[in-house]
Every structure is written in structure tokens, then in C-alpha cells.
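Hi,

Here's the structure I said I'd pass along.

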Amino acid sequence: MLLISCPNCGSRDETEFHYGGQAHVAYPENPNELNDREWAEFLFYRDNTKGAFAERWLHSTGCRQWFNMLRDTVSYEIQAIYPMGAPRPDAAAPARESGTASLAADSTTTGTAAPSTATTSIAASTSSASTTAPEGATK
Amino acid sequence: MMGDQLPEHPDFLWRNPEPKSSYDAVIVGGGGHGLATAYFLAKNHGMTNIAILEKGWLAGGNMARNTTIIRSNYLWDESAAIYEHALKLWEVLPEELEYDFLFSQRGVMNLAHTLGDVRESMRRVGANKLNGVDAEWLDPQQVKELCPILNINDNIRYPVMGATYQPRAGIAKHDHVAWAFARKCDELGVDIIQNCEVTGFVKDGNRVTGVKTNRGTINTEKVGLCAAGHSSVLAEMAGFRLPIQSHPLQALVSELHEPVHPTVVMSNHVHVYVSQAHKGELVMGAGVDSYNGYGQRGSFHVIEHQMAAAVELFPIFARAHVLRTWGGIVDTTLDASPIVGTTPVDNMFVNCGWGTGGFKGTPAAGLTFAHTIATGTPHELNKPFALERFETGALIDEHGAAAVAH
Ligand SMILES: Cc1cc2nc3c(=O)[nH]c(=O)nc-3n(C[C@H](O)[C@H](O)[C@H](O)COP(=O)(O)OP(=O)(O)OC[C@H]3O[C@@H](n4cnc5c(N)ncnc54)[C@H](O)[C@@H]3O)c2cc1C
Ligand SMILES: [Zn+2]
């Protein structure tokens with residue numbers, strides 16, 4: 001069982017949380033312009049990384065807030081926990097994310113900024129959390 | 001004793017050749033699906049200059065880790081067709097492969113615990129019958145007659161309100177299934193190469209022409225991916241994406257018991273499934289861990305949940321000891337149906353996404369995938385399971401509809 005450190009409540013057992021899949025998936029900025037292929041990508045295609053993977057979790061039986069987590073999918077080691085809307089804290093974010101993900105991805109508003117690939121301090125990222133759940137985030 | 005039925009442990013069943021520099025086709029992944037594919041490529045399509053490349057040992061992936069439940073009581077026409085075809089093959093394969101892998105048609109019950117379950121189950125029985133799949137609805141008394149150790153009292157949280165029953169369903173010895181296919185593949189000239197990990201692909205434009213491995217580059221005209229939990233890792237190497245998520249799925253066994261459990265019982269609602277192995281262990285499984293994982297191990301709370309369900313349904317299990325637990329990596333899709341067919345890369349084909357329930361599909365997956373690899377076109381039975389369905393929207397939504405996922 002994972003021991004997950006909720007940014008609001010501290011360390012709790014995995015059973016208190018709900019997994020929300022890949023983080024930083026942007027809602028299409030111009031949905032009307034998407035073709036079937038692009039809709040398929042948005043609806044059904046997610047990264048399935050073997051290694052460090054950025055994903056969303058909901059502290060469903062605690063503060064009921066969403067946050068992001070960087071976790072190794074082989075060792076299950078939790079490498080970072082950071083607020084929704086903040087960029088992925090390791091510099092080595094997969095290149096493909098910069099094409100589609102915007103900083104606004106997690107709040108479903110439109111935006112144009114690509115996520116920063118600069119290393120963010122993990123400690124700093126646990127403060128000012130924008131913790132609103134993205135629409136449709138309940139999987 | 002059930003154990004008396006077990007065949008002798010087999011002697012060497014296949015050669016361990018060095019990889020050749022080129023093959024007409026290479027199958028990546030030496031699980032049940034890779035073996036069945038190679039077998040039908042050789043048998044039905046005369047392609048014998050082929051190799052199965054397995055990064056570990058033969059059938060040591062999900063093939064060795066599953067709970068071996070075989071059934072075809074799926075809801076939708078497309079699924080019923082492919083799984084029923086598989087079941088018909090299971091019925092003739094021991095003779096065809098000249099190897100008894102103890103396919104035991106002891107029947108499978110899918111329990112209903114709520115009114116919603118009851119309606120959904122009856123609907124599925126009707127759909128099964130229309131598709132020529134044997135199916136019955138059982139009331140709680142009939143459930144008890146078939147499996148006397150089941151608790152059908154209505155004072156538990158989720159009482160048994162009935163069950164669907166497929167008499168032709170059952171279990172098989174998975175290791176023996178793999179050995180049976182491997183032995184025939186070898187006889188037909190297929191090279192089975194273990195400890196050979198595919199690490200990349202060679203392409204000429206958009207056409208695959210070879211595979212890179214830890215034992216050198218192998219040229220080939222065609223590549224078939226049968227890598228279950230790792231298909232998306234391989235697809236990424238080849239330059240395309242798959243709508244697949246890999247999750248840990250666990251199973252466990254008890255110590256040996258006298259025969260007490262004559263059939264297979266599955267419950268989607270309280271989520272446990274139980275059968276008794278030929279030797280006497282109670283074999284149990286439940287759901288996947290919610291998160292993605294490649295670690296071949298899962299969370300303890302999933303086991304805890306499944307044991308609670310098992311003990312409520314089968315009170316006599318309260319004193320049984322867990323002997324062993326383990327995990328596999330299953331490849332799930334959003335419509336809970338497999339992906340079998342062509343890929344965006346020419347001459348590369350994929351068979352994946354069987355998720356938590358692909359053991360039962362092994363013979364039909366092999367047969368139809370072999371057809372696709374040999375001819376470059378879909379087989380009638382795997383056509384609906386093409387990758388394109390995520391674009392066209394023609395999903396085959398078996399989630400929940402097919403009874404428990406396995
Ligand atoms: C706990 C558990 C219970 C299950 N219960 C059932 C059940 O009751 N009924 C049912 O129908 N199904 C069940 N399943 C699902 C079933 O096991 C799978 O759907 C099925 O085994 C998948 O096909 P396969 O046998 O070819 O996969 P695998 O046996 O996993 O074969 C894939 C092979 O590919 C190899 N490979 C991966 N990457 C590479 C590479 N780069 N190079 C070379 N080789 C590679 C792997 O080592 C592996 O041996 C269960 C699965 C699990 C884990
Ligand atoms: Zn919290």
C-alpha cells in the first residue's frame with residue numbers, strides 16, 4: 001500500500017485516495033476544430049510510462065482536494081507531490097507534453113503557455129495550491 | 001484425490017536455438033498469445049521460418065500468473081463471437097496439440113447481489129442465448145445446489161440474489177497450455193528464443209524491417225506484438241501510441257484442501273472469484289490496483305478486500321491459510337476490450353489490451369492474429385477489435401457488461 005503525503009492533511013494510507021490518471025492533460029483549446037483522430041487522442045490516449053509518471057490523485061476521504069504526484073511506475077516510489085496547475089517538477093518532462101498541455105490544463109480554462117521545464121522546488125510547490133478539481137476528473 | 005489426475009512433469013519439449021539473422025515473421029512475447037499466434041501461423045498459414053522472442057522465460061508473464069478462468073458469456077456480439085470461438089477451440093485443442101492440459105468444464109457462476117445485478121445478468125443470459133452461448137439464470141437455491149459451500153443467507157450485506165451459469169466454462173492448467181503450444185510450435189519449426197529482449201525496431205521509411213534485441217539485430221518481414229503489459233512500451237519504441245494503461249493485478253492461493261469447490265464462482269459486486277485448482281488449492285483473484293504499475297506486485301488492501309468478500313460468501317474459508325500471493329501486469333483499454341490488428345507502422349501488428357481476461361481468449365487471439373499477420377488483413381472475428389475503433393467511436397464496451405472483468 002502506498003503512503004501518500006496529502007499537501008493538506010499529511011501522510012495517509014492509499015485507501016483514502018482516488019487515482020485520477022495522467023496529469024497535465026489539457027482540455028482542447030478549440031474543441032470545435034478537432035478531427036476524430038484528435039478527439040481520440042484526447043479521450044482515449046494517455047501516456048503509459050514505465051518510470052517517472054505524473055498523475056493526479058484525489059484525497060477522497062480527507063480534504064477532498066486534488067493534487068499531482070510524480071511516481072515511479074516500476075518501484076512505486078513517490079518522487080514529488082505538487083499542486084494542480086503547477087508544472088511537473090522534474091526537468092525531464094516528456095517532450096510530447098509541451099505540444100498539448102497548457103498551464104491551464106488543470107482548470108479547464110483556455111491558455112497558451114506551455115509548461116515550464118525549469119526545475120521547480122518541490123518544497124515550495126506544496127504551498128499556494130490551486131486545488132479545484134478539473135471537470136470530469138472523477139474518471 | 002484430484003492430484004492423481006496431474007500428468008507427469010514433462011521432459012524437454014522444445015529446442016533452445018540461437019536466434020537466426022532473419023525470419024519471415026517475429027513474434028514479440030512468449031506468453032500464451034505469442035505461442036498460439038506462432039502455432040497458427042505455422043499450422044494454418046505454412047509460415048515456419050518464424051521466431052518467438054521472449055525477454056524472460058517462456059510464459060513467465062501473465063500466462064503464469066492468471067487464475068485460468070475460461071468462459072464466453074460476454075454481452076456484446078463481437079465479444080461473444082471471439083470468446084465463444086476461443087471456447088470451441090479449447091474444447092478441441094488437447095487432442096489437436098496431443099497434450100492434456102486439464103481443461104475442466106466445471107462451469108462458471110457469476111453472482112448477482114443487487115436488483116441492478118439481477119437485471120443486468122438476465123439481460124446477459126438472453127444475449128448469450130441469442131449468440132449461441134450456453135447460459136442459464138439460477139435462483140439462490142439452484143446456486144446452493146451447484147456450490148453447497150456458498151452462503152445464500154439473506155442477512156449479509158450483499159446477499160446472493162441469483163447467478164448466471166455457463167456450464168461449458170471452466171479452468172485449465174495454464175503452464176501445461178503453454179508447454180502444449182510450445183511443443184507443437186517447436187515441432188513445426190518455430191524458433192522459441194528465451195532471454196531475448198526486444199529493445200528497438202529497424203524501419204525503412206514507415207515499414208518495419210527488423211527488431212533490435214539484447215542478442216543482436218534480427219531482420220524480419222513482419223512483426224507481431226504479443227507483449228501484454230508492455231505493448232505500449234514497445235509501441236513507443238516503434239513510434240506510435242496505444243490507448244493502453246498497464247495495471248498490477250494480483251492473485252493468491254491457499255494451501256491444499258480436499259475437493260470442496262466444484263465449480264468456478266465469480267462476483268463482480270463484492271469482487272472476488274474463486275475456483276479450486278486440480279491439486280486442491282483455492283485460487284482467488286479480485287480487481288486491479290487503481291494506479292498504473294509495472295512492478296508485478298500490488299497493494300495489500302486489495303487482497304484484504306477480496307478476502308473479506310470471500311469469507312462472507314464462503315464462511316468455511318475463514319480458517320484457510322493464504323500460501324502465496326503474486327501480481328501480473330495487465331494492459332487495460334477504456335472499453336475493456338482487446339486490440340488486435342494492424343498498426344500505424346507497416347508490417348507491424350499488435351495483439352494487446354486483453355487486460356484482466358485474456359487467458360480465455362488465447363486460442364482465438366492466436367488464430368485471428370496469425371491470420372492478420374499472414375494476410376495483412378483482419379480476420380472476421382478480430383475486425384471489430386481494430387485500433388481504429390477509438391477514432392470511429394465503434395467501441396465494444398464490455399466494462400461491467402461482461403460480468404466481472406476476467
Ligand atoms: C492475477 C491475474 C489473473 C488473471 N486471471 C485471468 C483469468 O482468470 N482468466 C483470463 O482469461 N485471464 C486472466 N488474466 C489475464 C491473462 O493472464 C492475460 O490477459 C493474458 O495472459 C495476456 O496474454 P499473454 O498470455 O500473451 O501475456 P503474457 O504471458 O504476459 O506474455 C507477454 C510476454 O511478453 C514478454 N515481453 C514483454 N516485453 C518484451 C520485450 N521487450 N521483448 C521480449 N519479450 C517481451 C513478457 O516477458 C511476457 O512473457 C489474469 C491476469 C493476471 C495477472
Ligand atoms: Zn487531504
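This is a predicted model: local features need pLDDT of at least 70, side-chain atom pairs count only at pLDDT 80 or more; totals for chains, interfaces and linings use all residues.

Residues are numbered from 1 along each chain as its sequence is written, chains are lettered from A and ligands numbered from 1 in the order in which they are written, and side-chain values use heavy atoms, with hydrogens and water left out.

The fold first: chain A has 3 helices and 6 strands (DSSP runs, H or I of at least four residues for helices, E of at least two for strands, numbered from the N terminus). Their order from the N terminus is β-β-β-α-β-β-β-α-α. Of its 139 residues, 41% are buried (under 20% relative accessible area, 1.4 Å probe, protein chains only). Taking contacts (heavy atoms within 4.5 Å) between residues at least 6 apart in sequence, 54% join residues at least 24 apart.

Now the zinc ion (ligand 2). What holds it? Its protein donors (N, O and S atoms within 2.8 Å of the metal, or 3.2 Å for Na, K and Ca) are C6(A) through SG, C9(A) through SG, H59(A) through ND1 and C63(A) through SG, at 2.0 to 2.3 Å. Along the chain they're spaced C-x2-C-x49-H-x3-C. C6(A) sits in strand β1 (residues 3-6) and H59(A) in the loop between β4 (52-58) and β5 (66-72), so this pair, 53 residues apart, links distant parts of the chain. Both C6(A) and H59(A) are buried.

Cheers

Terms used:
Buried means under 20% relative accessible area, exposed over 50%, partly exposed in between (1.4 Å probe, protein chains only).
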